[in-house]
Amino acid sequence: MRHALSAVVGLLFAAVAIAQPKPPAIPPTYPTLTTLASLGGKPGATVDVTLTGTNLTDVTQVWTSFNSKVTIPDGQKDATKLTAKIEIPANTPIGMHTLRVATKAGVTAARPFVVDELPEVAEKDNNKKSAPQAITAPCVVVGTSTVEVGDFYKVPVKAGESITFEVLARRIGSPCDPAILLYDTTGKELFGLYADDTPGLQGDARLTHTFPTAGEVIVEVRDTTYRGGADFAYRFRVGNTPGATTAFPLAVQAGQSAQIGFAGPGVDGVKPVSVKGEGDVVYVTPKRDGGASGWPVAVRVHPHPEGVEQEPNNTPDKANPLPVPGGVSARFGEKSDMDHFKVSAKKGQKLAVTALTFEVNSPAEVFIRVLDAKGAEVAKSNPTQIGTRVEFTAAADGDFVIACEHTNFLFGPNEVYHLSVKAVTADFAVGVAFDRLDVPAGGVGLLPITAFTKTNGFNGPVDVEFASPTVSGKLTLPAAANPQPATPLFLPLVAKPGTAPGLVVGTLTVKGKIDGADVTKTVDLMEVVKAGLANMPTPPREVTTQFAVAVVPEPPFSLELKLDAVEVAKGGTLKGKLIAKRGDKFDAEIAVSTVSLPANVAPKFVPIKKGETEAVVEFSVPATVAVGPSVFVLRGTAKVDKKDLTAVAPPVNVTVNEPKKEEPKK
């Protein structure tokens, strides 16, 4: 069976630091996308898109996170450009979705695809305030920030009309840090009508203004520090749209229904939306009767009961009861507002209290104190640390009060937060190197697992798994496993024979036992995703759990590493063979290189010569190599029809031991 990692092997070489001779550099063959973050269309529309990047030939599928129909014209041979027709279903919710391209060589990282109901306008010839581009609300302008200049738009307004000007950039994965400025028709800046880093918008800008008289207004959109370039894309929304910052309540219990309202400037008259807790997150869109929609906001879905703060609770004796585990959505609505919540705990029970604010795009900052039954302070949060969390252990059975106040003493309808309480238990998490992998039809791909985090005394095995009808794989990490970026363990993913080339998108799960109960988690790919979205502060939850597998055609050879032994002493040498199974008519030379070895191990190998089926390999294991289990992974590369094809041998587990001490002579 063939084992491959061709779509990500170039990345893996960059991620794995090994003290050994470097093999010749091989240009990556997996595809990449550099398409602007502002790509998108309207629900019910069919859009022609041009995708840019590298290695965009031999395309097997263009995938979107919504249920689209994609048509790819035949005969495209430009590796840097791909055109496609995307049909967007009429029921597609507005918001940021994602797009990937799969080829016979692998799959791209996810790129944004924005669905918006507003009429779309293209930016053109608008870098002079004296000659602004005329637009009419409601609309969304698709533009790009230019170095050293702003983009200017002229908008007609009516007396008493309220218009929201909003730029989507950081929230859709663009590096542009936008600012909005308003001018009168003479070019004079309108005092106070400026927006930059609007609270809760991850660095984006939004400004709502009611115009007292009819006329025209000039709006400037630019990067805050006048940066720009081809990738500094933005979408400029103009219209009488609600400006919600967050949902309220901020969370709903899984399987339960709730009425969700909104917090933020300009949400008066917006009716609550009924939702049911499904998945990890649901989205709600603020909209007034007969008006255009504002930008959607997220509602988290939690397994425990969720409630809403009930005023008055400004003093401990009026504290709202909160179950353990449980959560509550609250706000600092008035000046000097303090919120109190009461929980019950058993002696010796350790509880964690967490407040979410920036994680849910709220501008609030929370300071937490925990008080015992006599009002004495048991614990408090540290305002200098990122994230607001307190842990305390109950000294006796009884009630405890959680007192919350705004760190900066701010207040208002938008200063919302989510508070949760749960028991501190053993826990685990797993980290992987990539959010995508290629697997050959009828073969295996190897996903590097780079971290196994165990907290609060967790000391058990976990199963890492990917499951779909056509691609699946499972790996048990023993309790003592300690994968690192330089010494990963590998999850083998198997594609069923006969699987057509294309894309399979799902989630990686981790299963283990905590206090005797089965616990299943989804692997969070936050840092990998952020790197592909211009370091977006808070990527959408569903994107950070999205794992993509490209099923690629099977290459004409496979490899197997056979070692003379699976144990070696430090200072010793390990020998073996790399065996190739060749397909019909394939007799090319196969170059051998390393995917993963223990640090400081020095390999020695030669190519598998043309027409031959094996080559001798040798590994020198110096005294500096760490004792314990390790993984040896090699790959082979051959040129077929002027293309480099790669096969990876299944990993071989090797144990490094201390050398045996000689018995003293009698």
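Start by selecting Asn320, which lies in strand β28 (residues 320-321). Helices (H or I, at least four residues) and strands (E, at least two) are DSSP runs, numbered from the N terminus. What you have open is a predicted model, where local features need pLDDT of at least 70 and side-chain atom pairs count only at pLDDT 80 or more, while totals for chains, interfaces and linings use all residues. Residues are numbered from 1 along each chain as its sequence is written, and side-chain values use heavy atoms, with hydrogens and water left out.

Is Asn320 buried or exposed? Asn320 counts as buried because its relative accessibility is 11%; buried means under 20% relative accessible area, exposed over 50%, and partly exposed in between (1.4 Å probe, protein chains only). Show its contacts next (heavy atoms within 4.5 Å). Leaving aside neighbours within four places in sequence, Asn320 touches Glu309, Gln310, Asn313, His340, Phe341 and Lys342.

**Colour by confidence**

pLDDT is the predictor's confidence in each residue, from 0 to 100. The protein chain averages 91, and 95% of the residues score at least 70.

Two strands pair if DSSP finds at least two bridges between them. Select β2, β4, β7 and β6, which in that order form an open sheet with antiparallel pairing. Its edge strands, each pairing on one side only, are β2 (32-33) and β6 (69-71). β6 runs antiparallel to β7 (residues 81-87), joined by three bridges. To see one of the partners, pick Thr71 and look across to Lys85 in β7.

Move on to the open sheet of five strands, with the order β12-β14-β19-β16-β17 and mixed pairing. At the edges are β12 (133-134) and β17 (189-196), each of which pairs on one side only. Seven bridges hold β14 (residues 151-157) and β19 (residues 215-223) in an antiparallel pairing. Pro156 faces Glu216 of β19 there.

Now show the aromatic rings. Rings of Phe, Tyr and Trp (its six-membered ring) pair if their centres lie within 6.5 Å; planes under 30 degrees apart count as stacked, over 60 as edge-to-face and the rest as tilted. By this rule there are eleven aromatic pairs. One of them is Tyr153 with Phe236: the ring centres are 5.3 Å apart and the planes are at 40°, so the pair is tilted. Tyr153 belongs to strand β14 and Phe236 to strand β20 (residues 233-239), so that distant parts of the chain, 83 residues apart, are linked. Tyr153 is buried, with a relative accessible area of 0%, and Phe236 is also buried, at 0%.

**Strand β29 and its partners**

Select β29 (residues 326-331), where five of the six residues are buried. β27 (residues 306-308) runs parallel to β29 and is joined to it by three bridges, with Val308 opposite Ser329. β36 (residues 416-423) runs antiparallel to β29 over six bridges; Val328 has Leu419 in β36 as its bridge partner.

Then pick Arg331 and Phe248. A charge sits over a ring if NZ of Lys or CZ of Arg is within 6 Å of the ring centre and within 35 degrees of the ring normal. Arg331 lies over the face of Phe248, 4.1 Å from the ring centre.

Lys521 lies over the face of Phe428, at 5.1 Å from the ring centre. Both Phe428 and Phe458 are buried.

A nonpolar core is a set of buried Ala, Val, Leu, Ile, Met, Phe, Trp, Tyr and Cys residues joined through side-chain atoms within 4.5 Å. Which members of the largest core touch the most other members? Of its 41 residues, they are Leu477, Leu493 and Phe547. Elements giving two or more residues to this core include β37 (427-432), β42 (489-495) and β46 (547-552). Centre the view on Leu493: beyond four places in sequence, its contacts include Leu437, Phe466, Val471, Phe547 and Val549.

Last, select Val601, Val625, Ala638 and Val654, which are among the 28 residues of another core, lying apart from the largest one.
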